[in-house]
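Let's take a guided walk through a protein chain. Have the sequence and the 3D view open side by side as you read.

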Amino acid sequence: MRRRLHTFFQRKCKVSLLFLLFLALLVHLVMDLALPATCGSCGCDMKAVKALSVPSGSPVLAGPKKLSLRILQDFSGSNSSLERSSQLQGRAGELGRQRRHGEGNSGRTGRSKLEALFEHPLYNIPIPAVTEKDKLFVVNPMEKFSLRSSGSDEWVSSSKAEMLLPTGKTAYDTYPTWLKFHVGINRYELYPRRDPLMPTLLWDLATQRIISSVQKTGGTQLKLIMTFPNYGQALFKPMKQTRDQETPIDFFYFSDFERHNAEIAAFHLDRILDFRRIPPVSGRLVNITKEIRDITTDKKLAKTFFISPAGNICFYGECSYYCSTEHALCGKPDLLEGSMAALLPDKTLAKRRSWRSPWRRSYHKSKKAEWELNPNYCAQVRKTPPYDRGHRLLDLIDMTVLDFLMGNMDRHHYETFEKFGNDTFLLHLDNGRGFGTHSRDELSILAPLRQCCSIKKSTYLRLQLLATPSYRLSDLLREALATDPLAPVLAESHLRALDRRLGKVLAAVGRCLAGAAHPDKVLVDDVGSRV
C-alpha cells in the first residue's frame with residue numbers, strides 16, 4: 001500500500017513540475033512577443049541588444065550617486081537626453097548649408113562681429129611671400145588623385161565612387177578637401193585667414209561616412225582614429241563631461257578629463273586670436289554601434305563594449321586613465337557626442353619635432369618645477385637654443401595666452417614641422433584639458449609672459465581689440481561656435497570667463513610696460529608699418 005502511495009505522489013510531482021515548466025515557457029513566449037513593440041516605442045536598438053545578448057527590458061538602476069571620480073561624468077547618458085540627440089541631428093542640415101556658403105552670422109541681420117573682425121586691418125597683415133621651400137609639400141602638377149588608381153576596394157566597389165571626389169581641369173581639383181588642407185600648409189601658417197576650404201572641411205568632419213574606427217596608441221585617455229571613404233582621417237575625442245560641469249578644485253591637472261567641447265572651442269579661439277595653429281575641429285554625433293563597434297578592427301577596443309543597466313551601448317577601450325567600466329563612455333542609447341579633429345600629414349611624409357616646454361609642470365603631487373621656484377628663470381631660457389634667437393620665445397608666449405584664456409594647464413610639449421627648422425610657428429595640439437573651470441583663473445599659466453615681460457606687438461594689439469565692446473571676445477567665440485553641429489559648445493559661464501581672463505592678460509602686459517626702461521623690449525615689433 002505504501003509503495004503504491006509513494007508511486008502515486010511521484011507521478012503527481014512530475015506532472016506538477018511539467019505543468020510549471022510549461023507555464024514558464026508560455027510566459028516567456030508572451031514576453032518575447034510583447035518586447036518588439038515596447039522597444040520600438042522607446043527607440044531601442046534591437047540589433048545592438050541581440051548582438052550583445054542582453055535583454056532590452058533591463059530596468060534602470062535607481063539610487064543616490066556615489067561620490068567618486070564619476071562626479072565628472074553623466075553615466076546615465078553623455079548626451080543629456082534623446083530629445084537633445086534628435087535636435088542635434090535636425091540642426092546638421094541647416095548648419096551644413098551655413099558652412100558651405102560661408103561662416104553665417106548666428107541669426108543676426110547685417111554684418112556679424114566675426115565678419116567685421118576678419119576685415120579689420122590687424123587681421124589683414126600680410127605674411128611674407130611663400131616660396132617653394134616655404135611649402136610643406138611640393139605638388140606634382142600632373143599627379144591626379146583618382147579612386148581607381150588608389151587600390152582601395154572600398155572606393156572601387158562603391159556605386160557612387162565617381163561622386164566622392166570633385167572633378168576639375170587641374171590635378172589639384174581632384175584632391176579631396178583634407179588633402180588640399182595638407183598641401184596648403186606652409187612655414188607661416190597652418191591655413192590662411194580666409195580659407196575657402198574651411199567650411200567644406202568642417203562639414204566633411206561632421207558628416208563624412210566613417211568606414212573605420214580604431215583606438216589611437218599612446219596618450220593617457222581614450223581617443224579614436226576614424227577613417228572616411230576618401231582616405232581622410234580624424235581624431236575622435238568622446239564626450240566625458242556635460243557643459244556645466246567644472247573640474248573639482250582638489251583634482252590635479254594631470255588627472256583631469258579631456259573634453260571634446262574644449263577641442264572644438266580651442267580651434268575657434270585660436271582662429272579668433274589669428275594664430276591659426278590648431279588643425280580644424282568639428283563636433284559630431286557618432287553612432288557607437290554602427291560607426292565604432294560594428295566596423296572596428298581593433299580587437300582590444302572591440303572586447304570593451306557592453307550594454308549598461310539603462311540599456312545604453314557603452315565602451316571604454318584601453319588607456320592609462322579612465323578606461324574601465326566605472327568610467328565607460330555611454331551613448332543614448334548609442335549616440336555619443338565627440339570632437340573630430342582633422343589629422344595633420346603622416347609623420348613619414350612630413351616629420352614633426354616635439355619640444356619639451358621650458359615651463360612644463362612637474363606632473364608630481366608635491367614637487368615643483370624650476371620655473372615655479374626661480375623668479376629669474378626666463379633669463380636662463382633666453383640663453384638656451386632655440387629661444388636665444390628668432391621668434392620662438394614670442395611664439396611660446398602666444399601659446400601661453402591661448403592656454404590661459406581657456407584654462408589649460410597641460411602644455412608639457414609642443415611640436416613644429418621639421419622641414420622648416422626653428423623659423424616657423426608652433427603647433428597648438430591637444431587642447432582637451434582646457435575649459436574645465438570658469439569660476440577661477442590659474443595665473444601660473446601666465447608665467448612665461450610675467451617672467452619674460454615680452455609679447456608680440458601684433459598679439460597685444462589684437463588682444464586690446466578683443467577687449468572692446470565692438471569686438472568682445474566672448475561674443476566672437478559664441479558666434480563662431482554657433483555654427484558647430486553640437487552648439488551650444490560652451491556654457492555661458494565659460495564665455496564670460498574669457499573676457500575676465502583677457503583683462504588679466506592685458507593687465508600683466510601693462511605692469512611690464514610700467515616697469516620697463518625700454519618698452520620696445522616688452523612689445524616686440526613684428527608688424528612695422530604694415531598696420
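Below is a short tour, from the whole chain down to single residues.

## The big picture

First, a word on the source: this is a predicted model, where local features need pLDDT of at least 70, side-chain atom pairs count only at pLDDT 80 or more, and totals for chains, interfaces and linings use all residues. Residues are numbered from 1 along each chain as its sequence is written, and side-chain values use heavy atoms, with hydrogens and water left out.

The chain has 17 helices and 12 strands. These are DSSP runs numbered from the N terminus: H or I of at least four residues for helices, E of at least two for strands. Of the chain's 531 residues, 49% are buried (under 20% relative accessible area; exposed is over 50%, partly exposed is in between, with a 1.4 Å probe and protein chains only). Now look at contacts (heavy atoms within 4.5 Å) between residues at least 6 apart in sequence: 74% of them join residues at least 24 apart.

## Helix H8 and its two partners

Find helix H8, residues 260-272. H8 packs against helix H13 (residues 392-406) at about 130°, with the axes 11 Å apart. Axes here are lines fitted to C-alpha atoms, for helices over the stretch in contact, and angles run from 0 to 180 degrees between N-to-C directions. H8 and H13 are therefore oblique to each other (under 35 degrees is roughly parallel, over 145 roughly antiparallel, 65 to 115 roughly perpendicular, and the rest oblique). On the H8 side, Ala-266, Leu-269 and Asp-270 meet Leu-402, Leu-405 and Met-406 of H13. By class, that contact has 5 nonpolar, no polar and 1 charged residues (Ala, Val, Leu, Ile, Met, Phe, Trp, Tyr, Cys and Pro count as nonpolar, Asp, Glu, Lys and Arg as charged, and the others, Gly among them, as polar).

H8 also packs with helix H16 (residues 473-481), at about 125° and with axes 10 Å apart. That makes this pair oblique as well. Among the H8 residues that meet H16 are Ile-264, His-268 and Leu-269. This contact divides into 9 nonpolar, 1 polar and no charged residues.

## A tucked-away helix

Is helix H15 (residues 457-466) largely enclosed or largely open? It is largely enclosed by the rest of the structure, because 7 of its 10 residues are buried. Tyr-460 and Arg-462 are among the buried ones.

Strands of a sheet pair through backbone hydrogen bonds, either parallel or antiparallel. Here, an open sheet of 3 strands runs in the order S5-S6-S7, with antiparallel pairing (two strands pair if DSSP finds at least two bridges between them). S5 (306-307) and S7 (329-330) are the edge strands, each pairing on one side only. S6 (residues 313-315) is joined to S7 by 2 bridges, and Cys-314 has Cys-330 in S7 as its bridge partner.

Asp-274 has a positive phi of about 70° although it is not a glycine. At 7% relative accessibility, Asp-274 counts as buried. Asp-430 also has a positive phi, near 60°, but at 36% relative accessibility Asp-430 counts as partly exposed.
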